[in-house]
Amino acid sequence: MADDKTIQLAINTIRTLSMDAVQQAKSGHPGTPMALAPLVYTIWNRVMRFDPQDPIWPNRDRFVLSNGHASMLLWSVLHLTRTQAVDADYENLGHPSVSLDDIRHFRQLNSRAPGHPEYHWVSGVETTTGPLGQGVATSVGMGIAQKWLANRYNRPGFEIFDYNVYAVCGDGCMMEGVASEAASLAAHLGLDNLCWVYDNNHITIEGNTRIAFTEDIAARFLGYGWNVLRVGDANDIERIEHALEIFRKTQGRPTFIILDSHIGYGAPHKQDTAAAHGEPLGDDEIRLSKRFYGWPEDAKFLVPDGVYEHFAAGIGARGAKARQQWTELFASYRAKFPELATEVDQMQRRELPSGWDRNLPVFPADPKGIAGRDASAKVLNVLAQNVPWFLGGSADLGPSNKTTLTYEGAGDFQAENPGGKNLHFGIREHAMAATVNGMSLSKLRAFGATFFIFSDYARPAIRLSALMELPTIFVFTHDAMGDGEDGPTHQPVEQLASLRAIPGLVTLRPGDANEVVEAYRYVMQLRHEPAVLALSRQPLPTLDRNKYAPASGVARGAYVLADAPGGSPEVIIIASGSEVILAIQAHEQLLAEGIRSRVVSMPSWDIFEHQAQEYRDNVLPPKVTARVAVEQASTFGWERYVGTMGRIIGMKTFGASAPLKELQRHFGFEPDHVAAAAKELLGRK
Ligand SMILES: Cc1ncc(C[n+]2csc(CCOP(=O)(O)OP(=O)(O)O)c2C)c(N)n1
Ligand SMILES: [Mg+2]
């Protein structure tokens, strides 16, 4: 056991690095790192099983800093533990993840100490945080993943997955609705591998929490069914350690530790004030704080002798031993259960098992056709059987989304059945999206489903999946006005445009059953991008692929589905989803009138944008400027494909409550209207 002096030195190093970095950057959040340094010290140096030499070791404990503004806590501790950097190919790069120089360049371009924790930018960050509430909600997905992995892969004597998930959060996280959704779900699922530590400092940006946040938070978490503990002094590391010990012994429910703290601890004029939250302390206050800590007042970015060694002797030694034991265990596991071990390997590398796409359906031509969501149901059931770690669920709309896995043995994921592949997220779209991100961060292939309109409720987490480059899958049905009578509250208009605007998110709106299959085939092979599938509620005719181009064109985002005889069209109709058949009908009319038209099915702008210019020019020849886009969604953005001369048949208002057929007539989604627009462009009325 190290002496108290070394422990204080280690804790104060976290504090002073944080203060110095914020001061140097002239921006950042010093107060919370100063207050929570003892907590982070205790979790990392005394409790967590995490090997700084290998920050992606599969059975490591997870640490989530949900109050991401306190990022200097993480940069300090990653630096002091000398956590190593790894790359996207999971190779150890042989240098530290966060150097002292990075900390000196806190919040500057290219520094591995950015403003908030960014997964995929800094090794050792388990999830991107900053939007308050996201981190804790994501941690629930990590907890679910551990339970599922343990159930599938552990064998007597082989506890391959037994890690815990620690999340630190503040008042902001606790006020955000997503945290409530996630906390409710976590307790329902009995996630006893999950521990949230709540920084109860009574301070947010506008001042004391008495102005806006006066609930009894202990009662709230007791109400959810959490194990609620309290540590009355954030500087008492023995008490903190004891509470964490109780967490590890608690079974059947997650643990919530309320930690009373003083923001800006040690700063004589700023402690316990909102001023300590989000601005540099100033040189004088820093000097006084350092004096309070017994620190050399003028030293900057100082790591005193013995501090690195102290972390090496704590988490370094414990983590290395734990990983080594695990590695040996896994070697004998591999000998005994080679197939399961291969699965673990593939999953860790985000590879698909061989035969992952066998038995994917091929839908015969059928004028009556099948709904996008029904085609999706068939595909999901095949994929879930081919890929053991593919699972997911809906926010209480399984029967409507058709996302329930119905094959024998699929099962429901519940506390008492952690091997189930059907998750029931309840009516908690936001937490669902964050949770599937957490599962995805844990290397499961996870999907979440709801109506397309309620993607709005999930959007912050969808955005983060793209920012994190996670292959999360969002299955959204009822993608347009197909739910007619439900009316404008349920009819998406701007959702497609807004999701298309998220960088790195692959949005797909397939036009018939075979395009649905190809969309999933494409999405499954993604390793670093999330995908949104927008699927129809109503049946769409299954196109005759002998007559029209094969649906494999989906993999290029857009493709020539039907063309003028011999090519060289004079007008192009571009459509996605349910409007593809409309485009085909208009096209046939135009052909009959001797007009050389082409239909381009464009299920995905994002994928199309990534094709070579030559391919794009083949599909949309620049010289053909007579172009009509048809889509039952906001017209916003279609100018980029139809140009200034083109026409967009889309939505400029909200929808309305009426049977679908009437809505189609009312809003102009009819073949005659599309054909007329094409003819008008050609000056042939
Ligand atoms: C969703 C969201 N809303 C607003 C913000 C802006 N913001 C950053 S920190 C903060 C106050 C957080 O208070 P608390 O969690 O108590 O943090 P403390 O100051 O105690 O560290 C706010 C409003 C944010 N990051 N995310
Ligand atoms: Mg606070």
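Predicted model: local features only at pLDDT ≥ 70, side-chain atom pairs only at ≥ 80, totals over all residues.
1. Basis. Local features need pLDDT of at least 70 and side-chain atom pairs pLDDT 80 or more, while totals for chains, interfaces and linings use all residues. Residues are numbered from 1 along each chain as written, chains are lettered from A and ligands numbered from 1 in the order written, and side-chain values use heavy atoms, without hydrogens and water.

2. Cysteines. There are zero disulfides (a disulfide being a pair of cysteine sulfur atoms within 2.5 Å). For cysteine 173, the nearest cysteine sulfur belongs to cysteine 169, 5.5 Å away. The sulfur of cysteine 195 is 9.5 Å from that of cysteine 169, its closest, which is too far for a bond. Cysteine 173 is buried at 0% relative accessibility, and cysteine 195 is also buried at 0% (buried means under 20% relative accessible area, with a 1.4 Å probe and protein chains only).

3. Magnesium ion (ligand 2). Its protein donors, 2.1 Å from the ion, are Asp171 (OD), Asn201 (OD1) and Ile203 (O). Donors are N, O and S atoms within 2.8 Å of the metal (3.2 Å for Na, K and Ca); water is not among the atoms, so the site may look incomplete. Asparagine 201 is buried at 7% and isoleucine 203 at 9%.

4. Ligand 1. Among the 15 residues around ligand 1, those coming nearest include Thr32, His69 and His277 (a heavy atom within 4 Å). Polar side-chain atoms of threonine 32 and histidine 277 each lie 2.4 Å from a ligand oxygen atom; for histidine 69 the distance is 2.8 Å. The protein buries 74% of the 590 Å² that ligand 1 exposes when taken alone (Shrake-Rupley method, 1.4 Å probe).

Methods. Buried < 20%, exposed > 50% of the residue type's maximum accessible area, 1.4 Å probe, protein only. Polar contact = N/O pair within 3.5 Å; in protein donor to acceptor, adjacent residues only side chain to side chain.
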